[in-house]
Every structure is written in structure tokens, then in C-alpha cells.
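This report is meant for a reader who is meeting the structure for the first time, and it moves from single residue pairs to the contact between chains.

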Protein chains: 2
Amino acid sequence: MVDTPGLAAEWLNCLQDSGYKLTRTRRVLVELLASSTRAYGPIELYDAARERCPGLGLVTVYRTLEKLEELSLVQRLHQPDGCHRYLRATQGHQHVMVCSGCGEVEVFSGDNLEPLFHRLADQTGYSIEQHWLQLFGLCPACQAAERQAEA
Amino acid sequence: MVDTPGLAAEWLNCLQDSGYKLTRTRRVLVELLASSTRAYGPIELYDAARERCPGLGLVTVYRTLEKLEELSLVQRLHQPDGCHRYLRATQGHQHVMVCSGCGEVEVFSGDNLEPLFHRLADQTGYSIEQHWLQLFGLCPACQAAERQAEA
DNA sequence: TCATAAAATGAAAACGATTTTCATTTGCAA
DNA sequence: TTGCAAATGAAAATCGTTTTCATTTTATGA
Ligand SMILES: [Mn+2]
Ligand SMILES: [Mn+2]
Ligand SMILES: [Zn+2]
Ligand SMILES: [Zn+2]
């Protein structure tokens with residue numbers, strides 16, 4: 001479990017320690033991301049944040065996400081449609097299952113892939129820079145919603 | 001190992017069996033993709049194909065890739081930069097390590113992830129629609145080229 | 001071989017997520 | 001306070017990809 005209230009404060013400190021300034025907008029965006037298990041799309045985050053920051057521009061959302069990712073506070077998820085979602089990175093890089101409907105995320109572990117990756121690097125000479133293990137599907141709620149829509 | 005010459009012919013049959021017509025352009029694109037272990041970006045494929053089809057349009061490359069993917073003859077790879085590459089799918093869906101420099105691909109297996117996926121689906125109620133396991137890095141040749149560039 | 005309808009093609013325009021530019025505002029250290 | 005770097009929003013630009021549309025090809029079968 002994650003200490004959500006403390007987490008936002010940590011992130012703000014982290015931003016400040018890195019030479020970034022604290023603004024009303026950043027506080028709101030950080031609060032939203034740090035307190036949610038969902039992966040937000042930029043527009044979703046924009047809409048949520050505008051309830052508290054009416055004049056907010058979408059650009060600022062992108063710029064803030066960029067900084068949070070740079071600081072490894074959020075993890076960018078790539079989706080089959082090519083768009084992105086952003087998820088709080090409470091344990092660094094995570095392997096996830098994402099709901100294509102609502103962006104809800106299940107973080108999982110139990111895959112023991114490191115040995116495989118090392119063996120691959122050894123045998124092929126590749127230098128591995130990053131890896132993705134992501135599942136895509138529908139959460140129970142979105143499955144139900146889909147059944148509704150069909151009927 | 002893959003019977004490359006026969007593979008292109010198989011793909012052309014597959015296209016024809018699906019109601020698509022055979023054109024000079026398709027033969028060339030199929031030949032390029034079926035005979036390579038590389039994952040091509042659309043522009044790379046376009047450039048390679050234009051050597052034999054000078055008037056070729058980039059749209060046609062996209063349209064052909066779309067059909068080949070639909071028939072599971074190629075697999076679309078997503079890259080960190082958001083762009084795509086297309087790899088011949090000789091064994092259906094594959095787990096791969098891609099060189100970010102040249103698109104060379106190492107297909108690998110030996111990860112036994114199915115049980116994990118089933119357990120996740122059971123425990124969370126998610127319906128899993130697809131999954132990605134992809135590594136990104138540099139092949140030995142591109143590592144060497146990078147060292148050259150630095151020096 | 002020829003006629004035909006469906007499919008394929010390329011040029012140009014449209015799309016849409018993301019990024020850049022630029023003039024203005026804001027945070028914060030001195 | 002002051003001064004300056006950083007942050008912001010509006011508008012324009014990017015760029016990979018898709019759509020539109022008029023024209024050309026392909027497969028079929030009379
Ligand atoms: Mn990992
Ligand atoms: Mn797989
Ligand atoms: Zn959902
Ligand atoms: Zn390479």
C-alpha cells in the first residue's frame with residue numbers, strides 16, 4: 001500500500017530538489033497522479049485538473065508529465081493505439097496490466113525475467129536499454145459496461 | 001530457420017486467398033519483408049521498395065502493412081519513440097529484442113509467462129486481450145557504430 | 001479476347017497526439 | 001522588494017498515419 005498523502009509531498013520535494021518550481025498547477029497534477037492507481041491519459045488528466053485550475057493549458061500537462069517521468073515519479077505506458085498513459089511509479093519500473101477501457105492498472109510481479117534478459121544479452125551481444133512487459137485487456141467493470149452497451 | 005523463397009510465395013497465396021489482388025508493388029513489399037529478419041519502419045520499407053517500384057507511394061506501403069498484419073503475416077512492433085516497425089511473423093506472435101539503431105531483431109522464447117497470465121486473469125477478473133514483451137537495445141554492430149561516432 | 005466490377009494506387013488533404021515558439025506571468029533566492 | 005530563471009497558455013508547427021477521391025489495375029468469366 002502507498003501512503004498517498006505523503007506521496008504527493010514527496011514528489012513536490014523531488015521536483016523542488018531538481019530545481020523545478022512549485023506552482024498551483026503542479027500541486028494539482030501531482031496530487032491527482034500520486035493519489036491514483038489509474039494510468040491517466042493526458043486529456044483525462046487535463047480535464048480532471050481543470051476542475052481546480054480552470055485556465056490550465058494542455059501543454060502544461062504534457063510538460064509536467066515529462067518532468068515527472070524524467071524523475072521516475074511516473075511511468076509512461078504505451079498503448080496499442082499509439083497513445084500514452086501515465087502511471088505513478090511507486091516502485092520504480094513496473095510490469096503492468098492495463099484496462100483499455102478506463103486505464104485502471106494492476107501492477108504485478110512474479111515473472112522472473114532477469115536471468116533470461118542476461119542470457120540474451122550475453123548470447124547476442126546486445127546492450128539492453130529497456131524492456132516492456134505489458135498486458136492489455138478489460139477490467140471487470142469495463143467488461144460489464146461493454147455487455148450493457150451490446151444489449 | 002525459415003524457407004525464405006517459399007515464404008514470400010506463401011504470403012502471396014495468403015493474400016490472394018483472402019480476396020486481395022497481386023500487384024507488382026505487393027510482390028516487392030512481400031519479398032522484402034518475408035526475406036528479412038529485420039523489423040522495417042514504413043519509410044525504410046518505402047525506400048527499399050522504390051528501388052524496384054519507382055513510382056511507389058508511401059500510402060501503399062502503409063496499406064500493405066495493414067493487410068499483412070491483419071493476416072498475421074507481419075507483427076507490428078511499438079517503439080519507445082511511438083513509431084512502429086514491422087517484422088515477419090514466422091511463428092505467430094513473438095517476443096522480441098529490437099535494435100533501436102537498425103531494427104535488427106532477435107526473437108526469443110524461454111519465458112514461461114502463460115501461467116502467470118492465467119493467474120492474473122483469474123485473480124483480477126481482467127480479460128486479457130494482448131500482451132507485449134519487448135526488449136530494446138543496440139545490436140553489436142550499432143554499438144560499434146556508436147563508439148565510432150563518439151570518437 | 002473483351003467487358004466488367006471490385007480492388008489497388010498515388011496525390012493531396014486531413015488527422016491527432018505531441019512539441020515548439022514566443023510573449024507574458026510567476027516563483028523564489030538574494 | 002528586485003531580478004532573473006523557470007513556468008505558462010495560445011497559437012502554430014511537427015510528423016507519423018489515415019482519409020478522400022479520381023484514375024489505373026487486376027481478376028473473372030462471357
Ligand atoms: Mn521490468
Ligand atoms: Mn506472447
Ligand atoms: Zn476498466
Ligand atoms: Zn543495430
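Where do Asp47(A) and Arg50(A) lie, and how many residues apart are they? In this predicted model, both belong to helix H3 of chain A, where three residues, about one turn of the helix, separate them. Their side chains meet in a salt bridge at 2.5 Å, N to O. Asp47(A) counts as partly exposed at 39% relative accessibility, and Arg50(A) is likewise partly exposed, with a relative accessible area of 32%.

A search over all chains finds eight salt bridges in the whole structure, and three of them are set out here.

| Salt bridge | Distance, N to O |
|---|---|
| Asp47(A) and Arg50(A) | 2.5 Å |
| Arg85(A) and Glu44(A) | 3.1 Å |
| Arg85(B) and Glu44(B) | 3.1 Å |

The salt bridge between Arg85(A) and Glu44(A) links distant parts of its chain, since Arg85(A) lies in strand E2 (residues 84-88) and Glu44(A) in helix H3 (residues 42-50), 41 residues apart. Arg85(A) is buried at 7% relative accessibility, whereas Glu44(A) is partly exposed at 29%. In chain B, the side chains of Arg85(B) and Glu44(B) meet in a salt bridge; Arg85(B) is in strand E2 and Glu44(B) in helix H3, so the pair ties together parts that are 41 residues apart in sequence. Arg85(B) is buried at 6% relative accessibility, while Glu44(B) is partly exposed at 29%. Salt bridges with shared partners also join Arg38(A), Glu44(A) and Arg85(A) into one network.

Strand E2 of chain B also holds Tyr86(B), which is buried, with a relative accessible area of 5%. Beyond its neighbours in sequence, Tyr86(B) touches residues including Leu33(B), Tyr40(B), Pro42(B) and Val74(B). Although Tyr86(B) and Pro42(B) are 44 residues apart in sequence, their C-alpha atoms are 7.8 Å apart in space.

Turning to the interface, 35 residues of chain B are in contact with 35 residues of chain A. The two chains bury about 3,200 Å² between them, 68% of it on carbon and sulfur atoms. On the side of chain B, Tyr126(B), Trp132(B) and Phe136(B) lose the most area to chain A, together 24% of what that side buries. Between the chains there are zero salt bridges, but twelve residue pairs are in polar contact. Strand E5 (127-138) of chain B is among the elements that give two or more residues to this side, and E5(B) provides the largest share, twelve residues. By class, the side of chain B that touches chain A has 19 nonpolar, twelve polar and four charged residues.

Terms used
Residues numbered from 1 in each chain as written. Chains lettered and ligands numbered in written order. Predicted model: local features only at pLDDT ≥ 70, side-chain atom pairs only at ≥ 80, totals over all residues. Heavy atoms only, no water. Contact = heavy atoms within 4.5 Å. Buried area = accessible area lost by both parts, 1.4 Å probe. Salt bridge = Lys/Arg side-chain N within 4 Å of Asp/Glu carboxyl O. Polar contact = N/O pair within 3.5 Å; in protein donor to acceptor, adjacent residues only side chain to side chain. Helix = DSSP H or I, 4+ residues; strand = E, 2+ residues; numbered from the N terminus. Nonpolar A, V, L, I, M, F, W, Y, C, P; charged D, E, K, R; others polar. Buried < 20%, exposed > 50% of the residue type's maximum accessible area, 1.4 Å probe, protein only. Lists of a residue's contacts leave out its neighbours within four places in sequence.
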